[in-house]
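User: I would like to learn how to read an interface between two chains. Please take me through one.

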Amino acid sequence: MYIPPMTTITIDRDHGDAVYAQVADQLRQLIASGTLVPGTAIPSVRHLARDLGVSLNTVARAYRLLESEGFLLIRDRAGVTVSAPAREMNEEARRQLVGDLRSVLARLRQAGMGGEELVEMVREEVGDLKGKPDRGGDGGGAGR
Amino acid sequence: MNEKARVVLGFFTVRVFLVGAIMLAFPRIARKGLMFGSYLGEAQAEGFARRSLLRSWDRGCVLIMAVALVVGWSIGLSGRAVPGNLIGTVVLLLPFVPLYLWVHGKSRWLTPLEGGTQASASSASLDVDEGRGQGFALLALALSIIASLSLLIYALVSTRSMPPRIPTIANLWGYGEGLTDRPLVSVVLIPSFNLLFAPFFALMALLVARAKRSVRSGSGGLSAPAQGTFRVAVSHLFAGTSLFLCLFLGVISREMIRVWQGRSESPDAALIFAVAIIMVVYMGVGLFRIMWLGQGGARLEMGSPDAPLTGGLADNALWILGIWYINPDDPALLVESRFGIGYTMNLGNRMAWLILGGFLTGLLGLSVLTLAEAGVF
């Protein structure tokens, strides 16, 4: 029997992070790992809010955030779909994200992670990413 | 015993066994983790306590069925079949309330501390299957509104060619028992029933097709498709019932109008019976199918402590007596019932009260119309 793949997201109200941030974070991970490929339709704000039992604003806020980060494409009639990674990086976005990365690396370093360990961790994380933008290189992204 | 008494008591006996069988089945088709309206957790709900509660429920059901049969048949055999049917049915249905409350109360004692459940977590599937079941429900809604309004207009227009006094319709066999000088009320009674119930069933079909999916995270990927299959089956049952109800009440209404107009001696009982049989078979097959799938598609998914129920369904604090769900923070209108089969309204949602209020107002109007037809006013 064919069993269609099921992708779920789970939110926990006892978790420290806000619910919208949990939704956004899980969707981000699913897109980055290639579980949700570009063009995949995902439930509308109303449907996801209903199934999760959270307010419409919570899901709408998560979707808007992901749209601004380029992960989602929200259109009135076509609904919500997963965006393909951008082909060219916006310079302002690049500066912002590199700043964020520096901040995270500094925190990891401060938490006791050594230089080699950091490099290895980053290599593993990059290896887990799929759907890497095609800039004339391999284009397919690294597999698991 | 005359033929009428035999038929009445025969239907009564079938009803006792049908209701009893459904009640016996309810706790067995529940989602894993739920027991008599309480969330016990997947491991606890399979243990010794479950078997003990189930035994109590089974014994109670069998006792209620036996008492109802004895009461109904005793009154029926003394020459009062209709009162025997009515009193026997009351004796059959009412005791299930205290029996349920008793086992529900016991099940609440077995519930773990809230921290041990998944009440604070909620899962949702990201697959989009919102279109399934909605097409038939929308078609049924449109057709039922058009058909029931057409029937009402046809009935009103038909009164022009009726005599001033016509037979009443309040009779088990569909024949008039007396004459009424209020043809208009008699004529619009059945179309009014149709106008309320047929679109209401179709609306329910549409709402069920959009009901909340209580998906388990994990569960081997089976939970979301199981929910979808169950939701479509329930929606189709409501939508089909809406259309068959239109057909059934339409045929009865037409046959009665022909009698009232003097175009026929009596309603075509064979035609009415045939339509009724088709409708009952459709509903019976639909009910059997959803029972077979289990509540929320329980028989199609794998519930385990690794794939627990989450969200509203696992939160005992949001359910009153395990039956009424009240959660103003949940935008869902229909949610899965914890006990029984199908869906229930989220009474924390304002729209639920509007729909229930509208339906109850319609019922009140029909009650007034029925009393007027019976000559009470």
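User: In which sense do strand 1 of chain A and strand 3 of chain B pair, and over how many bridges?

Analyst: Note that this is a predicted model. To read strand pairing, look at the sense and at the count of bridges. Here strand 1 (residues 8-12) of chain A pairs with strand 3 of chain B in the antiparallel sense, over five bridges. Within strand 3 of chain B, Ala121(B) is the bridge partner of Asp12(A).

User: How many residues of each chain are in contact?

Analyst: Contact here means heavy atoms within 4.5 Å. By that cut-off, 27 residues of chain A are in contact with 30 residues of chain B. The area buried between the two chains is about 2,200 Å², with 57% of it given by carbon and sulfur atoms. Of the area that chain B buries against chain A, 31% is supplied by Ser120(B), Ser122(B) and Leu126(B), more than by any other three residues.

User: Which side chains meet in a salt bridge?

Analyst: For a salt bridge, check the distance from a side-chain nitrogen to a carboxyl oxygen, which must be within 4 Å. The rule finds one salt bridge across this interface: the side chains of Asp51(A) and Arg213(B), at 3.0 Å, N to O.

User: Which element of chain B gives the most to the side that touches chain A?

Analyst: Strand 3 (121-125) and helix 7 (223-260) of chain B each supply at least two residues of that side. Strand 3 gives the most, with five residues. By class, the side of chain B that touches chain A has twelve nonpolar, nine polar and nine charged residues.

Technical notes: Residues numbered from 1 in each chain as written. Chains lettered and ligands numbered in written order. Predicted model: local features only at pLDDT ≥ 70, side-chain atom pairs only at ≥ 80, totals over all residues. Heavy atoms only, no water. Buried area = accessible area lost by both parts, 1.4 Å probe. Helix = DSSP H or I, 4+ residues; strand = E, 2+ residues; numbered from the N terminus. Nonpolar A, V, L, I, M, F, W, Y, C, P; charged D, E, K, R; others polar. Pairing = 2+ DSSP bridges.
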